[in-house]
Structures are given as C-alpha cells and as structure tokens.
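Good morning, and thank you for joining this group meeting. Please look at the structure on the screen while I go through some of its features.

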Amino acid sequence: MAINDAATLVVGSGNYLTSPTGTPMPDDLLVPVSPWQNVGHTSLEDVFGITSEGGEATTIGSLQNKSLRTKYSARSETMNFTLQQFDTAALKLYYGANSPILPDGSVGVPADPKPTEAAFLAIFIDGENHFAFYAPKAEIYRADDMAIADTETLAGLPLGVKPMTYGSNSWTYAVTPLGGTVATGATAGSPGSYTPSGAVAPANIAELAGVIATPTAAWSTGQYIDLADSTTAFWSGTAWAAGKAT
C-alpha cells in the first residue's frame, strides 16, 4: 500500500440522512436531493462510531496440521451517532417507528417498539474531500439510554443504525474511499490513460502490478503512462517496465 496524503480524513462537518429502503446513493454526495432527508442536528463530540458483534475466529485443523484453516462467525455491525433534536420525527427514530401521536400532539412510547426501516447515508466533509457510509436498508433505533447531564450542553438521543442485506446484495453497506478511484486498467498512449474514468495514477511502478494493460501486446515505440511519482512506465507484452516503450 502506497502513502496517499489525499486519503487522510479530518471531519469538519457532516450530515446523516434517511430515505425509503432501496434508494440509491446520490450521484452528488455534497448535494443529496429528495427523497433523501436530513435527520437533523447531531453531536459535535460523539460524531460517529461503529460497534460489532460476532466475527469470532475458530481454528480448524487436521491430524497433520492443527491450524489448517480459520473460520469466522457472522458479524453484525451497528453505526452510532447522537441526534440532538427532540421533534416528532427524531423521537420516533429513538422510541420506535410505531410510536403513536397522541391527541395532544405528544409522542407515545410503545410497549413493543419497532425500529425504523430506511436507507441510511452518513456523509463527512473534510475541505474538498468527502467520505460516506451508505446502507440501502437499515434498522434505526435507540442505541443507549438518554441522559440529560447538565445545563451547559445540548441533550441528545443516542441512535443505532444496523445495516441489513438488501435484495440480492452480498453486502450490507458501502464505504466511499478517499484519495480518488483506484485504476484497474491502463491504455497505451503518449501519454496513455487509466480506467475507469477519473482513476488516479498509481503511486509507482510497483503499484501497477494489478493494472491490466490495453493492448496486451507490447506497446509501440514512445507509448507510456504517467505515474504519481513523476516517472513513466510501459507494457512490454509480459510485464510493466520503467520508462517509455522503445
């Protein structure tokens, strides 16, 4: 793994949003549009966290090899943040989607609460960088007991978001990487280009190991691709080599 300064993160601001289950991630994470809705003010101190259960390792062996394989149990994860609004929508996220609205407008606390099911999106902004967690299906409910500790800070509603498998997906949630899209292919040129569109140049020739050359035959004289360390490389027909094709 190469050093990538652009992949570091210091959260300056962020937002948490919900939408009907199955809603795709917005094309522009900085300007999410309807049906995505912001859940409201959240804690400046307890910004975000992920806890998990399961994932225990079991070593499986044979008579000849006592540590032949390792098997892991299923792992479930919960994203945690603290909501600092006490309006009706926020209270229903905390106390349950089936919380009744009583005749006087107050929110009843159900005896058999049901979590809110929705798509979930957490977006964190660091200058020009942005980073997100996206779950097409999640259950949202209280993560901890509420406590109003003092008169100097905003009170909060600790929420837990459990990502769930949606449809035929083999994953429960997605994380957007920082530092640009990883290149998976390189097309010959003077200079050449990387794929997919918008992919960043690998840090050095060693990082080209998993990049597929197009064409796969030896590149023509003068063809090359630029690397992030200001060097160049070309495809010899069997391997990546430094410099330009001759």
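Where does P196 lie? P196 lies in the loop between β13 (193-195) and β14 (199-200); strands here are DSSP runs of E with at least two residues, helices are runs of H or I with at least four, and both are numbered from the N terminus.

Before I continue, a word on the source: this is a predicted model, in which local features need pLDDT of at least 70 and side-chain atom pairs count only at pLDDT 80 or more, while totals for chains, interfaces and linings use all residues. Residues are numbered from 1 along each chain as its sequence is written, and side-chain values use heavy atoms, with hydrogens and water left out.

Let us return to the loops. T195 and P196 are joined by a cis peptide bond, with omega about 0 degrees. A cis peptide bond also joins T214 and P215, again with omega about 0 degrees, and P215 is found in the loop between β15 (212-214) and β16 (225-226). For context, most peptide bonds are trans, and most residues other than glycine have a negative phi.

S230 has a positive phi, near 75 degrees, although this residue is not a glycine. S230 sits in the loop between β16 and β17 (232-235). Is S230 buried or exposed? With a relative accessibility of 68%, S230 counts as exposed; buried means under 20% relative accessible area, exposed over 50%, and partly exposed in between, using a 1.4 Å probe and protein chains only.

Three strands form an open, antiparallel sheet in the order β16-β17-β18. Its edge strands are β16 and β18 (240-242), each of which pairs on one side only; two strands pair if DSSP finds at least two bridges between them. Two bridges join β16 to β17, and D226 stands opposite T232 in β17. In general, strands of a sheet pair through backbone hydrogen bonds.

Finally, I turn to a helix. Which residues of helix α1 (residues 88-95) are buried? They are A90, L91, L93, Y94 and Y95. These buried residues pack against four strands, namely β6 (75-83), β7 (116-126), β8 (129-142) and β9 (157-163), where contact means heavy atoms within 4.5 Å. After α1 comes G96, with a positive phi near 130 degrees.
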